[in-house]
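I would like to follow the account with the structure in view.

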Amino acid sequence: MNFLLILELCSPSSTTCQHTAVHEAMQYHTRKCLITKAEVQSFVERCMVAVGTKPHHARSLAEVLVEGDHRGHYSHGLNRMDMYVKDIESGICAKDGEPVVEKESAATALVDGKNLLGPVVGNFCMDLAIKKAKEAGIGWVVARGSNHYGIAGHYAMLALKENMIGMSFTNTSPLVVPTRGKQCTLGTNPISVAAPGKDGDSFVLDMATSAVALGKVELHDRRGDSIPEGWGCDTHGKLSTDPKKVLNGGGLVPIGGSEATGGYKGYGLGMMVEVFCGILAGAQYSNNIRTWKVTDRVANLGQCFVAINPDNFAHGFNERMSDLMSIQRGMEPADPDFPVLAAGDPERTNMKKCDEMGGIPYHINVVNYMNDCAKRIGVSPLLPCDKVVSE
């Protein structure tokens, strides 16, 4: 049984979220190609370099995508590679240069991402935030001129290596219809918070402020499956289970779904991310951001990266953090088949499973789609699919 989708798929208030997530995981695990992390890493790097990306920038991107898939966030891994290829190939995303600090204080910084790949900007900013947190107790860095940066959790988790709390936020193209609306005016605007416990254990929240990430709707559409009610709406703002209606003129809905089930809370969280990102950084925001996957102009996304040093606060943070997680994990669950988890547990389960299998299982349709992309730009060898697994 696979729990990798439990946190991201559902509203925190949903009483059926675990069952929905497990059903989705079981449905997704049909026919898959088992591919090693090294093979995926190399493939993505070769594809990006083929269209002119600097090798070290391509490596940063590939690492984020592979990490996303390894953790079970398939919507933000290999499934996204063609988008980055298109951004570089079209010239709408910069190939050369490095991020630049425009303004800074002991604990803060404003960074110009120079329209580079999101992971290049994100790594630069989070490294800077961690450096400032070592010196001032906290580092708060915002960036403008950035692009899609993969899973938000990647950057928050960089702080864990220094035994710090990490946070990461980004705005995105307008894909979410606000409560009572019928037009997309907010992005999926993810939130990630990572906090260290004892002995390498950690709390890692990585979630969209929409009911689900757009990539999951795209995956359902690619597989010809319907989506659960409460993920998205049609052009009239009405909830729909047809992924095509959501992707073609409709939109995602905030965490919580409709107003009656608390969707306005997810709407508020999405606005909060916009405050930290587009507004604070002076980047594009709301429906001023370009349409998703349309490369008619630069994205100019706003992003926020925070590192907090617990040593500057009450002693014993790690012990209390582990105790907090243990309280949740140790309680008797409502359903014995579905134990209570802490944020990050589903991803650890998925990583352990992948490691035991010797690779990451990819849906064969995704592999074929990315191999077609690679063929078009003259990349060889392609992703292998000599080991097929069914679950």
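This is a predicted model: local features need pLDDT of at least 70, side-chain atom pairs count only at pLDDT 80 or more; totals for chains, interfaces and linings use all residues.

Where is the place of Gln328? Gln328 sits in helix α11. Is Gln328 buried, partly exposed or exposed? With a relative accessibility of 29%, Gln328 counts as partly exposed, because that class lies between the limits of 20% and 50%. The C-alpha atom of Gln328 is 41 Å from that of Pro99, and the two residues are 229 positions apart along the chain.

The next step is a sheet. An open sheet is built from 7 strands, which follow the order β2-β3-β4-β11-β5-β6-β7, with mixed pairing. Strands β2 (100–104) and β7 (202–207) each have a single partner strand, so they stand at the edges, and one side of each has no neighbour in the sheet. Ignoring direction, neighbouring strands in this sheet are turned against each other by 15 degrees on average. In general, the strands of a sheet pair through backbone hydrogen bonds, and the pairing can be parallel or antiparallel.

Two of the pairings can be followed in detail. Strand β5 (residues 165–170) and strand β11 (residues 301–308) run antiparallel and are joined by 6 bridges. Thr170 has Gln303 in β11 as its bridge partner. Helix α11 (residues 317–330), the helix that holds Gln328, packs on this sheet and touches β5, β6 (191–196) and β7. The direction of helix α11 makes about 115 degrees with that of β6.

Strand β1 (residues 31–35) pairs with β13 over 3 bridges in the antiparallel sense, and Cys33 stands opposite Val388 in β13.

Now turn to the nonpolar side chains. Which residues of the largest nonpolar core touch the most other members? They are Phe43, Val44, Met48, Leu78 and Met81, in a core of 69 residues. Helix α6 (residues 118–136) supplies the largest share of this core, 8 residues. Both domain 1 (32–90 + 359–389) and domain 2 (100–211 + 253–312) contribute at least three residues each to the core. Leaving aside residues up to four places away in sequence, Val44 touches Ala62, Leu65, Leu78 and Met81. A second, separate core has 17 residues, among them Leu110, Met167, Ala195 and Met325.

Aromatic rings give another view of the structure, which holds 6 aromatic pairs. In one of them, the ring centres of Tyr149 and Phe305 are 6.0 Å apart and the planes stand at 65 degrees, so the pair is edge-to-face. The two partners are 156 residues apart, with Tyr149 in the loop between β4 (138–146) and α7 (152–158) and Phe305 in strand β11. Is Tyr149 buried or exposed? Tyr149 is buried, with a relative accessible area of 1%. Phe305 is buried too, at 0% relative accessibility.

Another pair consists of Phe169 and Phe276. Their ring centres are 5.3 Å apart and their planes are at 65 degrees, so this pair is also edge-to-face. Phe169 belongs to strand β5 and Phe276 to helix α10 (residues 263–281), 107 residues apart, so the pair links distant parts of the chain. Phe169 is buried, with a relative accessible area of 4%, whereas Phe276 is partly exposed at 21%. Together with Trp140, the residues Phe169 and Phe276 form one aromatic cluster.

Methods
Residues are numbered from 1 along each chain as its sequence is written. Side-chain values use heavy atoms; hydrogens and water are left out. Two strands pair if DSSP finds at least two bridges between them. Helices (H or I, at least four residues) and strands (E, at least two) are DSSP runs, numbered from the N terminus. Axes are lines fitted to C-alpha atoms, for helices over the stretch in contact, and angles run from 0 to 180 degrees between N-to-C directions. Contact means heavy atoms within 4.5 Å. A nonpolar core is a set of buried Ala, Val, Leu, Ile, Met, Phe, Trp, Tyr and Cys residues joined through side-chain atoms within 4.5 Å. Buried means under 20% relative accessible area, exposed over 50%, partly exposed in between (1.4 Å probe, protein chains only). Domain bounds come from an automatic or database domain assignment. Rings of Phe, Tyr and Trp (its six-membered ring) pair if their centres lie within 6.5 Å; planes under 30 degrees apart count as stacked, over 60 as edge-to-face and the rest as tilted.
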